[in-house]
Amino acid sequence: MTRRLSIASFGIALFAIVMAMFAWLDAHGFVGANALDLWGEAIAARDGALNLRSIVLTFPPAPHLATMGLQLALGAARMPTPNVLSAMLVASLGGLWLSSFLRAGYGVAASCAMTLLLVLNPAVPRLASASPALVMLLLGCWLAARAAYRLRARDNIVDLMALSGGLAVVALSHPLGVVVVLALSPYLIFVVQPHLARDSLAGAYLTILFPAALALLGALYVAWVFQGDLRGLFALLASPPVMIDDGSSWLVNAWRRHEILAIAGISIATLLVAPVLVGAFLANGRRLPRVLPTAALIACLPAAGVLAGVLGLVNDPLTIAAPVLGFGAAAVAIWPQGPRRAMWTTGLVLAGAIGAGGLMIAAPSRETRDWLAALEGADVVTASSADLAVGAFLSTRADVTIDAISAPRVLAGRGSALGLHLPTQFDFEKTRLSRQAQANFLVVRATGEAAGSDDAVNAVFPDLYEKGRPDYIRVYDRFGWRVYQRATIAASR
Amino acid sequence: MGTHSEADLGVGQLLVRHKAITQEQFEEALELATDWGSPIADVLMSRWWIQADVYSRAFAAHHGMRYVHLDREPPERELLSSADAGVYARSLIIPWRKVDGRLILATTDPSPAMLLFARRKWGPDIGFVVTSKSDISKATQAAFGAHFTHLAVFGLSEADPAVSARRVITRRQGVALYLILSAMAAGLAFAPLATFIALNAFMTLFYLGAFLFKLVLVWFGGLGQAESAAAIDASVRQLDESQLPVFSILVPMFREPDVLPILTRALRTMDYPLAKLDIKIVLEEDDVETIDAARSLQLEPIFEIIVVPASQPKTKPKACNYALNFARGEYLVIYDAEDKPERDQLRKVVAAFQRSAPNTACVQCRLNYFNARENWLTRMFTLDYSLWFDLMLPGLQKIGAPIPLGGTSNHFRIDVLRELNAWDPFNVTEDADLGIRLAQKGYRVGVIDSTTFEEANCDAGNWIRQRSRWIKGYMMTFLVHTRRPLHLLRSLGPVGVASFVFFIGGTAISGLLNPISWALFAVWFITSTTAFAPLFPPVLLYFSLFNLIAGNGLFVYLMMIGPFRRRWTGLAPWALTVPAYWAMMSIAAYKGLYQLVFTPFYWEKTNHGISGQTAREIETARSADRAEREQGADVPARA
């Protein structure tokens, strides 16, 4: 009981640290773009502006649904809900890691040190700032890797369920997770005990992969139910909504050109984040129940990298750090007993933290650069600032027609979807059909920009951004957003 | 050679002198008697080296006592008392005659302990004659067949009518059911949409609760299994054979003469001192074919044939109740005729009882099938049983919920079984009912890692008959124990009630509701109609979708992992076809419901021995029997 209380206290302290970091970043103008998107969607769902179809079609569902649920619980709190969720997940991970290291026979000091080094590995706060989806991916990968080691070692049904469940969490957390599951699949044979494979390898595979497959097939089915065809889901899978940002790292640009060397290099480079994984492979010598799962985890990374590169799923090499760190944390627990065990593992975990920092500095995406700057105390202007600014402008205004569904960050800036007419709502549909502006405010994005082409208000009033509307006057024009107000209202003020 | 009484040694030497047994057999018997802590007589008879009456004659001769054949010279009826019928049957002593005012008792063992017992019971003016165990058993059956039958049929319902299924539905339950149905009818008439939504919500929440509960159970069931099995194994190794208790085994059979040789072989090879086995082959009086087959096998005295007089209801629990009167063990287990328990099962059970809390009244072993891969149905049945016995029951045990006992391989403390008036003969799933009654009385059921392999039903019609009986029995059990809802809650607690509702009620309810859900889904899927849309307000639609995908998917997954512990991964892909199995369960559920209304106590007999594997084994057993007889390993000659 005392140990559980200590671990819970450790987790609470971690939560406080991560929340303090988020507050610091927020104060300097940084909130992750995907976090803002998630927050905007959660606000829309809370205020009833998101229809059922939009909610069930979100992919990957785990971070979306968790954020929406938490938003309902938090109500009108002005704290980015995805950040709160990320902090909770990081705190849970810290507690779980600490507990697992203690159970693996490490001393209290070594366990605490390794947990702190893992949690404060620069990749973790960076991923947490980007999106809770990536922390979920990290958690799922750790759960799956831990279960894989246990399953290979002791052949227990609970481990089989944990592995299946972990892989399902991985697949439902992030599009990269689907790729990781696919990449790991051929190597699962190293995780399954020989006697299970002997009766039926297909049966063993099916049992392990069924929950993940069911989750994906279920998503396909739901897409079919609500959209009538499967294209919507494939579109979601092909253009993931949870990316680190648009300003890719130079490494990723090379990756996108499908340069095989770059792809392989980037995947191997991610091992810098958790060299303990390679260390565990070497240290375990001929202990096959430990070596084989480690080999499977390492071998899946280049394959996952290639698949992610081909599908264009990640914009920052640090994204791949999520599975690598998860696998690495699991590998710490299987390091063979010995006099210098804690020294080796702590050293390698520290090296991973340094490696992650190096990778971050050497090949940052635009958002990572902003994050680093904000962390250093500089005020930053991010790609999301425009949306947040217009949101803030609208926070005191109601009866507004705006497509905040394709720009949910506006809702994050405004804090509420009440008083807005969104494309998911009946009022907007009336406007679309009549092509008559009814609202007091019309908000539109610049047609020349990529985002503007998705703007439903632009689709209804193609000249609105450039020419405005009769009876409306422009009251806001910044960063590619324009807000028009009905003239009669403006005059009466 | 250990310490043996003068009498034992004397009788043994007498038998050797008269060549009833060899010197080697005598010496081995002495050794085994020491190891097993059993009388030499029991050892000699358990090894089938001597017939019971031969030993008894020798015993009588050695002690200068008279030997009587009770079937030729039966006890005087007026000396017998129905209140003592159980004593005669179990203590193997029965008043025989009155000679010059002195009560003469017939017994198998006129030892000092027996003398003391007899004096306490019948006073000092008594004498003894010697007879055989089977003679006492037959005489008791002949004298008290009707009495035992009455007890077997009405014992529970007279002692505790509230827990008996003799009355399937009480007046109060009938009124409650009528009110519920009336309310539904009124709802459908005056507010059809709201009523449909309410019913839909009930179905959705029921499914959601059922699958979450089962997920939790499977998780708990999987925790610590290896450690628990290892602990039992260690305890088994430490058991002192001479301290093992007598174990009664009941094998109720009906029209199964062919499997007798397999059964007797399986029981003889149990890793338990044979002399401490008290095996009752329980047969129905009108099943002449099986009775003849059993008698023709001329089984050794550890086997006893109990013939149950014809009466209604003709159910397995009634037969077991009847046979219980003759059981002499400290523990008792029921096996079906085609069962193949793991050889060390009885030892594991004894070890488990020794390790368990004092309120442990029953140890349930796992059931599975030896013909798992015979056809699609046997595969599905195996997946079903693997999930139930390997994961769900250990899960129920871990969370302290009542365990609906399986049909066989449940090992009881016989005193508790008698205290609870044993099985309900009117309930066609008497074991599940007994599991609930045990929990209500504060007793605990343990689950151990020892398997009894049975024959999986490989014929669809036969399977539906069997399953319809089970579901009918579950409905009965549900009705019986919900008569007193507050009592149920107090005695089982909230977790116990949830388990009772989801497992006992849920099995029947899901079987009945599933076709409705499937029909709705099929109509919608084929026609894309929007007519059902009003029945699914958003929140309900969420849950329904979740149930449809995650719930059904989870059930498929649970079936898939069921056989993992046995490493039968080859069965896992078959779990994908489980919807067809569910459809069969629904057919069985409706049949069970029909029978509950019109023929509640009808025992839908499952035919055993129809598997190809069983047929092969029967042939092998017959051949082995023939070979043994040809080699002279026959019944010992009468001396």
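Helices (H or I, at least four residues) and strands (E, at least two) in this tour are DSSP runs, numbered from the N terminus. What you have open is a predicted model, where local features need pLDDT of at least 70, side-chain atom pairs count only at pLDDT 80 or more, and totals for chains, interfaces and linings use all residues. Residues are numbered from 1 along each chain as its sequence is written, with chains lettered from A and ligands numbered from 1 in the order in which they are written.

**Stop 1: a loop in chain B.** Select B:Arg255, in the loop between β4 (247–253) and α11 (260–268) of chain B. Check its phi: about 50 degrees, positive although the residue is not a glycine. B:Arg255 counts as partly exposed because it has 17 C-beta neighbours inside 10 Å; the scale is buried at 20 or more other C-beta atoms within 10 Å of a residue's own, exposed at 12 or fewer, and partly exposed in between, with C-beta atoms placed from the backbone.

**Stop 2: a cis peptide.** Move on to B:Pro313, in the loop between β6 (303–308) and α13 (316–324) of chain B. The bond joining B:Gln312 and B:Pro313 is cis, with omega at about -5 degrees.

**Stop 3: a buried strand.** Now pick β10 (residues 410–413) of chain B: B:Asn410 and B:Phe412 point one way, B:His411 and B:Arg413 the other, and all are buried. Strands pair here if DSSP finds at least two bridges between them. β7 (residues 331–334) of chain B pairs with β10(B) in the antiparallel sense over three bridges, and B:Leu332 has B:Phe412 as its bridge partner.

**Stop 4: over to chain A.** Colour the open sheet of five strands, ordered β2-β1-β3-β5-β4, with mixed pairing. Strands β1 (residues 400–401) and β3 (residues 441–445) of chain A run parallel, over two bridges, and A:Thr401 has A:Leu442 as its bridge partner.

Then select A:Arg435, in the loop between α23 (426–434) and β3 of chain A. Its phi is near 55 degrees, a positive value in a residue other than glycine. A:Arg435 is exposed, with 8 other C-beta atoms within 10 Å.

**Last stop: where the chains meet.** Show the 21 residues of chain A in contact with 22 residues of chain B (C-beta atoms, placed from the backbone, within 7 Å). On the chain A side, the elements giving two or more residues are α9 (157–173), α11 (194–199) and α12 (201–227). α12(A) gives the largest share, 11 residues.

Conventions. Two residues are in contact if their C-beta atoms, placed from the backbone, lie within 7 Å.
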